[in-house]
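Open your viewer and keep the sequence panel beside it. We'll go from stop to stop, selecting something new each time.

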Amino acid sequence: MELRILDLDGGVIAQEKIASRPDAVVHDLRAWGPRIRMACGFRSFARFEADLTETLGSRLDTRPGLTLYGSGDFHHVSLALLRRLTEPVNLLVIDKHPDWMRGIPLMHCGTWLYHAGRMPNVRTIFHVGGDLDFDNSYRPLAPWPWLRSGKVRVIPAIRRFRGGGWNRIAVDPLRVEPQIPVDPARLAKLIEPHHRELSARPLYVSIDKDALQATEAVVNWDSGFLDLDELERVLSGFLAAAERKLAGADSTGDWSPVDVQGVLRRFLHVTEHPWLDVTTSTTVETNTRVNLSLVQLLGSRNRK
């Protein structure tokens, strides 16, 4: 399984144990980082996709790979990666935030999943490990027709979502008790109703490390509730239900210093990012541990 690093911000290549792996292929896209970080116009994103095609040497991915590309500010890059697939897939998203806002007139790390859901080959979306911006003032921007129809299926991290449309949608959290990680029996019970759908086609996986606790991953956003063992358990459970058919995977959420261009992105940085006290050496060590785990786990699930 190819390990592909899209270097947009230096967040991954700072991890020597990842970047120096013999199976890692690093692509320099640093010039794009400040121009698409957090958000960009649709035309700018299309130009980025065209440059990505030229950089990778092809328009489509013909075999599964794991792509690492830095800060969660770039989670919309996952959309560009999904567009490199033509076969029907299910999509597993592990993220503290929904990333599905609709009606926003630009490409944003919080809107990409809505655009992914409109792709004809993306059949069912499983959103796991979320907590923030699901049932607060952002609730009206959720894709309610998809949630009601089952195109989008949600398993929160630690609590049921309340209010509005959530009162009519069953969403059982991973954890029965907020402080106790999900056990294999509980996870199997949550996945079982979706087994038929998961086994029907390959699974693409997109992971934002902000779903993890702050001690497990250092991110540019507020951190979630899962521990690394729990993340591995969730991935293994979904991949087993998909009968080990992996279409590809990506992971974002590796902290990096914020470097943006333009008034819009500077405004988003000031108004949306939390203030964080980050030690670079600790960041590299912590996030390397997560990425090594993902390489080992997802690499062993290469499609047969």
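How many residues does helix H11 have, and how far does it reach from its first C-alpha to its last? Select residues 280–299: H11 has 20 residues and reaches 27 Å, close to the 28 Å expected at 1.5 Å a residue. That expected span is 1.5 Å times one less than the number of residues. Helices (H or I, at least four residues) and strands (E, at least two) are DSSP runs, numbered from the N terminus.

A quick note before moving on: this is a predicted model, where local features need pLDDT of at least 70, side-chain atom pairs count only at pLDDT 80 or more, and totals for chains, interfaces and linings use all residues. Residues are numbered from 1 along each chain as its sequence is written, and side-chain values use heavy atoms, with hydrogens and water left out.

Stay on H11 and colour its buried residues, among them Thr283, Asn287, Val290, Leu294 and Leu298. Buried means under 20% relative accessible area, exposed is over 50%, and partly exposed is in between (1.4 Å probe, protein chains only). Now show what covers them: the list includes strand E1 (2–7), helix H1 (16–19), strand E4 (65–68), strand E9 (203–208), H9 and strand E10 (246–252).

Two strands pair if DSSP finds at least two bridges between them.

Zoom in on strand E7, residues 122–128. Six of its seven residues are buried, so E7 is largely enclosed by the rest of the structure. Strand E5 (residues 89–94) pairs with E7 in the parallel sense over five bridges, and Ile94 stands opposite Val128. E7 also pairs with E8, again in the parallel sense, over four bridges. Look there for Ile125, whose bridge partner is Val152, and for Phe126 opposite Arg153.

Now pick Leu92 and show what surrounds it. Setting aside residues up to four places away in sequence, Leu92 touches Phe126, Val128, Leu203, Tyr204, Val205, Ser206, Leu235 and Phe238; contact means heavy atoms within 4.5 Å. Leu92 is one of the residues with the most contacts inside the largest nonpolar core, which has 43 residues. A nonpolar core is a set of buried Ala, Val, Leu, Ile, Met, Phe, Trp, Tyr and Cys residues joined through side-chain atoms within 4.5 Å. Helix H9 (residues 228–241) gives the largest share of this core, seven residues. A second, separate core of 42 residues includes Ile36, Leu56, Tyr69 and Leu91.

Select Thr252 next, in strand E10. Is Thr252 buried or exposed? Thr252 is buried, with a relative accessible area of 0%. A polar atom of its side chain lies 2.9 Å from the backbone oxygen of Gly70. Contacts of Thr252 beyond four places in sequence include Tyr69, His75, Ile207 and Lys209.

Last stop: two loops. Asp133, between E7 and helix H6 (144–149), has a positive phi of about 75° although it is not a glycine. Arg244, between H9 and E10, also has a positive phi, near 65°. Arg244 is partly exposed, with a relative accessible area of 34%.

Key:
A polar contact is a pair of N or O atoms within 3.5 Å; within protein, one must be able to donate a hydrogen and the other to accept it, and residues adjacent in sequence count only if both atoms are side-chain atoms.
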